[in-house]
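Student: I would like to learn how to read a model like this one. Please take me through it feature by feature.

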Amino acid sequence: MSSLPLANTDLLWAALLIALNGAISLTFGLRLELSLALITLRMVVQVAALGVVLRFVFLQSSPLWTAAVALLMLLIAGYELAERQERRFRGWWAYGLGNTTLLFASGLATLYAVTVVIAPNPWYAPRYLLPILGMVLGSTLTSVSLVLQTLAEGIERERGAIEARIAQGGTRFEAFAPLMRRAMRTAMTPLLNIMSVAGMVTLPGMMTGQILAGADPVEAARYQIVLMFILAGAAGLGAFATAVGGVLMISDRRHRVRLDRLAPLASSWRPF
Amino acid sequence: MLRIDYLSIGGLPPLSFEVAPGQCLVIEGPSGSGKTRLLRAIADLDPAEGYVFLEGVERSEMPASLWRQRVRFVSAEPAWWAATPRAHFPAAAKLDRLLAALGLEHMNLDQPVAELSTGERQRLALVRALADDPPVLLLDEPTSALAATNAALASEFIKFQILAGRIVILVSHDAVQIERLASARLHLADLEWPHAPDSVAA
């Protein structure tokens, strides 16, 4: 299988389309042109660097290099997760909870994928492990961050009802059950939406890539289906672990609701 | 016997007192003096330094949910976790009696909580609190949203609970109600530090 190589001039032709976006922003005063320029630059650097790094790591095919890149990906995902939260936990837990469940769910799903499902030889072959980890991280990141957000918003709005149930002698998990259920449903919804239109409205990203790279579409479809299952598993696991962990943190051992463990509202939008 | 030992509520000197079964301690004080915080601390709903014993057992010696099955806090603005009142009550035979005692015998328990009046909700909160028979009641202005006749009915209901041997701590601004129910009174604004605060710390 092979794909048509892209020359640098091809990249420039494609960049014209981004320039068009900039022109629209200028014409209609959207004031997005600066962000657009910076983000474009950032994207180009990120993706190009990724290509170079992956080529290097693929050539090495050493477990150590693979582990190093995987760790870096986990760290970046964890940072991104913490930045996405509007209401965060105070102190160390601002990063602790989301990162722990993100690591747990995506690590488990990825390991399962490369040892049992796809099982390349060796199982840590970076050509399989790293792209799978990347996609799993993306999907788990969304689900974990939706759970954290739903919990944080819900606890403030429903504090009275939750405390009423606790005052009535209920345990924290009884009292938080409706909120946990809603958080997990919210977290699973994007994936359900993606799965329900995959192949109908959208051509899934990985399958598109494989087809462009010259793979047999049926074979690409099999890969895509397997990948969807892995992504769903990771997202569900991450949502569940985060919901349980979130409740354990937002309440204490005496089952008291501890809003003081949430940091004050910080709203910031940053291009970087 | 409910015994409070050196319970620290922010801004107040450490509190120590006892309430025996069949007694009602009325807590008074201006807004913000710590009445609600005191009740919440006794129910172990907020962290607070000090000790609370029920029949000689400290709250920390018992699972939190078990403690609150016995020491029942009733908020001045009761909140509801399900859509209808019925979902909040255990299926108990005494439910009808409790409802009737508060003038709610004709209430439709399957209508949405949101459609009930504030007064109805406040009386239902008393029913909810009593449905599983807790020995201790911590009532935060339980009749604040009730019209005069219903308030009197609710006061009699509380009186009956005291006579039945429950331990009641009541926060109230209603002079008639206080006169009718109080076995003892504690005014939070009148408290004095037993020693200078810094010598307590030493």
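Student: At what angle do helix H6 and helix H7 of chain A pack, and how far apart are their axes?

Tutor: Ground rules come before the answer. This is a predicted model, where local features need pLDDT of at least 70, side-chain atom pairs count only at pLDDT 80 or more, and totals for chains, interfaces and linings use all residues. Residues are numbered from 1 along each chain as its sequence is written, while chains are lettered from A and ligands numbered from 1 in the order in which they are written.

Tutor: Next, the terms. Helices (H or I, at least four residues) and strands (E, at least two) are DSSP runs, numbered from the N terminus. Axes are lines fitted to C-alpha atoms, for helices over the stretch in contact, and angles run from 0 to 180 degrees between N-to-C directions. Now the case: H6(A), residues 159-167, and H7(A), residues 172-197, pack at about 155°, with axes 8 Å apart.

Student: Which residues of H6(A) and H7(A) meet?

Tutor: Contact means that the C-beta atoms, placed from the backbone, lie within 7 Å. From H6(A) come A:Ile162, A:Arg165 and A:Ile166; from H7(A) come A:Arg172, A:Glu174, A:Ala175 and A:Phe176. By class, this contact has 4 nonpolar, no polar and 3 charged residues. The classes: Ala, Val, Leu, Ile, Met, Phe, Trp, Tyr, Cys and Pro are nonpolar, Asp, Glu, Lys and Arg are charged, and the others, Gly among them, are polar.

Student: How many helices and strands does chain A have?

Tutor: Chain A has 9 helices and 0 strands. Its C-alpha atoms fill a box of roughly 70 × 55 × 40 Å along the principal axes.

Student: How is chain A divided into domains?

Tutor: Domain bounds come from an automatic or database domain assignment. Here domain 1 covers 1-61 and domain 2 covers 62-261 of chain A. Their centres, over C-alpha atoms, are 27 Å apart. In the contact, 9 residues of domain 1 of chain A face 12 residues of domain 2 of chain A. The domain 1 side has 5 nonpolar, 4 polar and no charged residues.

Student: On to sheets. In what order do the strands of the open sheet in chain B stand?

Tutor: Strands of a sheet pair through backbone hydrogen bonds, either parallel or antiparallel. Two strands count as paired if DSSP finds at least two bridges between them. In chain B, 5 strands form an open sheet, E6-E7-E8-E3-E9, with parallel pairing. E6 and E9 (184-187) of chain B are at the edges with a single partner strand each, so one side of each has no neighbour in the sheet. The twist averages 15° from one strand to the next. Between E6(B) and E7(B), residues 136-140, there are 4 bridges. There, B:Arg72 has B:Leu137 in E7(B) as its bridge partner.

Student: Which strands does E1 of chain B pair with in the antiparallel sense?

Tutor: E1(B), residues 2-7, pairs with E2(B), residues 15-19, over 4 bridges. B:Ile4 stands opposite B:Phe17 there. E1(B) also pairs with E4(B), residues 51-54, over 4 bridges. In that pairing, B:Asp5 has B:Tyr51 as its partner.

Student: How many residues does each chain give to the contact between chain B and chain A?

Tutor: Chain B gives 17 and chain A gives 15. On the chain B side, H2(B) gives the most, with 4 residues.

Technical notes: Two residues are in contact if their C-beta atoms, placed from the backbone, lie within 7 Å.
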